Amino acid sequence: MQPHLLGNEFTHLEFPRRVQRKEVGKRMLYRDFSMIGWAYKTIEEDDLKFPLIYGEGKKARVMATIGVTRGLGDHDLKVHDSNIYIKPFLSSSPEVRVYDLLQYEHGPDDVLTLATDGLWDVLLNEEVAEAITNFLPNCDPDDPHRHVTSLLYTLAAQDLVMRARGVLKDRGWRISNDRLGSGDDISVYVIPLIHGNKLLTKMFSKGIYFMCFEKFSVQLRKLKNQKNNDVTFEKPYYLLEQLSAALTDHHQH
């Protein structure tokens, strides 16, 4: 632990609510980062410091400044009106999930939706999937070039933006079920996966033949190192046989 990073202004302990001065000397539930549950402690002067993480859900803030604990950059970000850096409390390790495009066959309606929290704060994954599923089939499904029409997916992204923003009413922006619409910036990309299948297949094929050519080149260098150096020019069919053998060997392994 490095308590000096808290600048003597924050406490790493968590309480059910903000501790008040009149509660010094009384017992209150608390928990530390290493604790599984809650326990009681007698409130001390140090417990009056501002909590490291304050608020709940989307309103939670680290050091009353930033609403995330994972991010790239923000190296110079400090707590307002202080010299306390926030970067030591942010993780730069992203959460990564791998989806193998070659494991499945994709059609023009299979997409990846990439969006900022302006969308995800107000719409569930299921709502986004349902919106995409309802939107894409209604856009000229008989068009043979439908899957290469980037405008279609741009319109799908715009549809999601409008769903997240909602409609302006007397009580502000509202989305379905009279829920509050997003007041944040909204960026959405709808990416067709069918292009990924074709691109990766092409790259994979090139990769295979590149590796086979490498095997062939190794065999060719061995031939050149032999005494009969002119075998490369006198026996071209022999070289083709070597390349064919390299391809066969690769596919077998």
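In this predicted model, the chain is built from 6 helices and 10 strands. Of its 253 residues, 28% are buried. Contacts between residues 24 or more positions apart make up 51% of those with a separation of 6 or more. The accessible surface of the chain amounts to about 18,200 Å², and carbon and sulfur atoms contribute 55% of that area.

Across the whole structure, 3 aromatic pairs are found. One of them joins phenylalanine 10 and phenylalanine 50, whose ring centres are 6.2 Å apart; because their planes stand at 90°, the pair is edge-to-face. Phenylalanine 10 belongs to strand 1 (residues 10–11) and phenylalanine 50 to strand 4 (residues 50–51), so this pair ties together parts of the chain that are 40 residues apart in sequence. Phenylalanine 10 has a relative accessible area of 6% and is therefore buried, since the cut-off for a buried residue is under 20%. Together with Tyr54, Phe10 and Phe50 form one aromatic cluster.

Another aromatic pair consists of tyrosine 99 and tyrosine 104, with 5.7 Å from centre to centre and 15° between the planes, an arrangement that is stacked. Planes under 30 degrees apart count as stacked. Tyrosine 99 has a relative accessibility of 47% and so counts as partly exposed; tyrosine 104, at 42%, likewise counts as partly exposed.

Definitions and conventions:
Residues are numbered from 1 along each chain as its sequence is written. This is a predicted model: local features need pLDDT of at least 70, side-chain atom pairs count only at pLDDT 80 or more; totals for chains, interfaces and linings use all residues. Side-chain values use heavy atoms; hydrogens and water are left out. Rings of Phe, Tyr and Trp (its six-membered ring) pair if their centres lie within 6.5 Å; planes under 30 degrees apart count as stacked, over 60 as edge-to-face and the rest as tilted. Helices (H or I, at least four residues) and strands (E, at least two) are DSSP runs, numbered from the N terminus. Buried means under 20% relative accessible area, exposed over 50%, partly exposed in between (1.4 Å probe, protein chains only). Contact means heavy atoms within 4.5 Å. Accessible areas come from the Shrake-Rupley method with a 1.4 Å probe; for residues, only the protein chains shown count as cover.
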